[in-house]
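Hi,

Here's the structure I promised to pass on to you.

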Amino acid sequence: MSENSDKPFLKACDIGFQYGVVPVVEDINFTVEKGEILGISGPSGSGKTTILRLVAGLEKADSGTIVMEGKIVSGEKIMVPPYQRGCSMVFQGFFLWPHMTVTKHLQFVLSKKKIKEKQQRIAEILNFVDLLGKKNCYPYELSGGEQQRLAIARAVIVSPDYLLLDEPFSNLDLKRRKKMLSLLTTLPTEEQTTILYVSHDLPELLKVADMILFLEENQQTFFGTTEEFVKTHKYGVEMNR
Ligand code: ADP
């Protein structure tokens with residue numbers, strides 16, 4: 001934790017959300033410092049994706065507050081729109097643009113940068129995700145793993161304040177998954193990126209996360225450091241659902 005722990009980079013206080021009358025998450029509390037990785041895990045349907053959507057501003061919490069860089073972005077009568085929150089998301093479906101080549105995907109999100117700066121950044125990121133050789137391909141010409149790496153490149157290239165990853169590596173083979181995981185901690189972003197990383201694969205998550213949020217039946221059953229989780233949590237490191 002940084003020295004400035006009274007003002008964490010991202011803070012969720014008593015967050016609650018329901019679809020219609022069905023509660024999805026209740027009393028969620030966590031804090032993340034700038035540049036940290038928060039791993040979010042738990043069984044299917046426990047509300048992991050919903051938490052990412054609440055942080056990104058794609059849903060509004062019914063109760064509680066979300067504070068980003070000291071500013072309330074979600075609270076009673078406050079709802080800062082997604083485009084003002086500095087979040088990039090990689091979803092389980094990649095949501096690529098079928099009419100754009102790999103390079104075009106990246107040029108499009110960098111539209112405000114100068115041409116030379118753009119070219120350099122695109123080459124750097126394509127190299128990072130091992131897609132330089134596919135730069136003129138359309139999504140239908142890419143394998144599932146390549147599509148996933150393009151989705152990751154598109155999210156990372158804008159140097160977001162927050163990178164929200166929803167099971168982002170599920171389509172990658174073990175070797176690539178390991179590479180992406182180790183690179184997660186050294187992302188080539190201009191500023192330190194704070195990462196919220198949802199995964200079922202707890203052993204994998206524990207390798208990269210600084211903090212863990214664990215959910216069960218719509219409630220959080222653990223929030224704390226990864227070391228604390230490994231020491232105290234009943235699932236230990238062997239859980240892999
Ligand atoms: P997880 O990511 O842990 O699998 P989700 O956050 O996707 O869980 O979903 C939590 C719960 O909310 C699940 O029971 C799911 O069925 C329900 N849910 C998700 N999206 C919707 C929706 N659009 N409408 C109604 N219920 C939903």
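Predicted model: local features only at pLDDT ≥ 70, side-chain atom pairs only at ≥ 80, totals over all residues.

One of the ligand's oxygen atoms sits 2.8 Å from a polar backbone atom of Gly-45. With Thr-50 the side chain does the work instead: an N or O atom in it lies 2.5 Å from an oxygen atom of the ligand.

How much of the ligand does the protein cover? On its own the ligand has 560 Å² of accessible area, and the protein covers 54% of that.

Now for the neighbours. Around the ligand you'll find Tyr-19, Val-24, Pro-43, Ser-44, Gly-45, Ser-46, Gly-47, Lys-48, Thr-49 and Thr-50. Which element gives the most to the shell? That's helix 1, which spans residues 48-56 and supplies three residues.

Next, have a look at how some of the helices are arranged. Helix 2 (residues 102-109) and helix 3 (residues 115-128) have axes that come within 10 Å and cross at roughly 125°. Because of that angle, helix 2 counts as oblique to helix 3. Their crossing is right-handed.

Helix 2 also meets helix 4 (residues 144-156), where the axes come within 9 Å and the crossing angle is roughly 20°. Angles under 35 degrees count as roughly parallel, so helix 2 is roughly parallel to helix 4. What is the handedness of this crossing, left-handed or right-handed? Helix 2 passes helix 4 in a right-handed crossing.

Cheers

Conventions: Residues numbered from 1 in each chain as written. Heavy atoms only, no water. Near = heavy atom within 4 Å. Polar contact = N/O pair within 3.5 Å; in protein donor to acceptor, adjacent residues only side chain to side chain. Areas by Shrake-Rupley, 256 points an atom, 1.4 Å probe, with all protein chains shown as cover. Helix = DSSP H or I, 4+ residues; strand = E, 2+ residues; numbered from the N terminus. Axes fitted to C-alpha atoms, helices over the stretch in contact; angles between N-to-C directions. Parallel < 35°, antiparallel > 145°, perpendicular 65-115°, else oblique. Left-handed = near helix turned anticlockwise from the far one by under 90°.
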